[in-house]
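Please examine the structure shown below.

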Amino acid sequence: MTIQWFPGHMAKTRKLIQENLKGIDVVVEILDARIPLSSRNPLIDDLVKGKDRLVVLNKADLADDKKTREWIEYFDSQEDTKAVQINALKDSKNIKKIIKDNIEILTKEKREKKLKKGIKSFAVRIMIVGIPNAGKSTFINSLIGKQSARVGNKPGVTRGKQWVKLDNEIEIMDTPGILWPKFEDPEAGLKLALTGAIKDEVFHFEPSSTALIEYLKNNYPEQLKERYKLSDEELNMEAPDVAQRIGEKRGCLLKGGAVDLGKTASIIITEFRKGFLGRVTLESPGEEKNLEQN
Ligand SMILES: Nc1nc2c(ncn2[C@@H]2O[C@H](COP(=O)(O)OP(=O)(O)OP(=O)(O)O)[C@@H](O)[C@H]2O)c(=O)[nH]1
Ligand SMILES: [Mg+2]
């Protein structure tokens, strides 16, 4: 995915989402559970104003479970919003039930109103939105599975849009809304880079990995120690020195014997993304600043 979010592109995407939202009952927002705030589009509240919202904390398998529960509480306390956690890669059997149950709760009032008017059955229409790499496609595939039926264009919605009928109660817009990430805030940019939401070519591995080490030293020291077999003394060194030790241990050496810090940084970030450093969440509700940029 190589989206460049120029202002013109943002305006176009914004317009497209707003047009598509007309027939939508519930907006399903896919976030990365490791960075629920930084993986949110900065204008999302404005874009989906007045709609019911289901916040899906995806990649929960990579995130800190305790923090994920705190985030769910945080989002649940917001108006017309419910939050759930999932692993879109593995939860395919449960996803449909999780999503259906929560959509039922969110749309209770709306359905009761329709019932009063004599409309007994109607399908709730949902749209999936999220920044690149959040897991939108994986989520849609898991949710739809094999039983889905494409129902073609329907009047009243943007031309060319396809609806997938999950069952008699839910229809999903088959193309997710890709939102631009919060990259103007350097700390959010750093978190997006570490989790793989920003292309590797556009950020610097070394300072990013140093910031990650610093954060892990402060928040998940045992996991860092365990992964790189660090002694207590090594763990207590300054982050750049810890990186140096990791490079030595991994044999990341340049000709002449000095540690290849670029390669070491790349190893640390890659292993973090794969979950080899254990389950880590990079931000907590109520604490906007967690990672220091070096
Ligand atoms: N560990 C883990 N990886 C996931 C999960 N969901 C998705 N992924 C991985 O995250 C990456 C991005 O997933 P996609 O479904 O392609 O994300 P997307 O939002 O459709 O991305 P774009 O199409 O680029 O906007 C893929 O490598 C997935 O395998 C999850 O719950 N856990
Ligand atoms: Mg996709």
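Q: What covers the buried residues of H6?
A: The cover includes strand S1 (26–32), strand S2 (52–58), helix H4 (92–106) and strand S4 (124–130). Contact here requires C-beta atoms, placed from the backbone, within 7 Å. This is a predicted model, in which local features need pLDDT of at least 70, side-chain atom pairs count only at pLDDT 80 or more, and totals for chains, interfaces and linings use all residues. Residues are numbered from 1 along each chain as its sequence is written, while chains are lettered from A and ligands numbered from 1 in the order in which they are written.

Q: Which residues of helix H6 (residues 136–144) are called buried?
A: They are Lys-136, Phe-139, Ile-140, Ser-142 and Leu-143. A residue is buried if 20 or more other C-beta atoms lie within 10 Å of its own.

Q: Why are the buried residues of H6 said to line one face of the helix?
A: Viewed down the axis of H6, they fall within an arc of 165 degrees, so they line one face. The arc is that of the directions from the helix axis to the C-beta atoms.

Q: What makes H11 roughly perpendicular to H12?
A: The axes of helix H11 (residues 239–249) and helix H12 (residues 261–274), lines fitted to C-alpha atoms over the stretch in contact, cross at roughly 90 degrees and come within 9 Å. Angles of 65 to 115 degrees count as roughly perpendicular, and H11 is therefore roughly perpendicular to H12.

Q: Which residues of H11 and H12 meet?
A: Ala-243, Ile-246 and Gly-247 in H11 meet Leu-261, Thr-264, Ala-265 and Ile-268 in H12.

Notes. Axes are lines fitted to C-alpha atoms, for helices over the stretch in contact, and angles run from 0 to 180 degrees between N-to-C directions. Helices (H or I, at least four residues) and strands (E, at least two) are DSSP runs, numbered from the N terminus. Angles under 35 degrees count as roughly parallel, over 145 as roughly antiparallel, 65 to 115 as roughly perpendicular and the rest as oblique. Two residues are in contact if their C-beta atoms, placed from the backbone, lie within 7 Å. A residue is buried if 20 or more other C-beta atoms lie within 10 Å of its own, exposed if 12 or fewer, and partly exposed in between; C-beta atoms are placed from the backbone.
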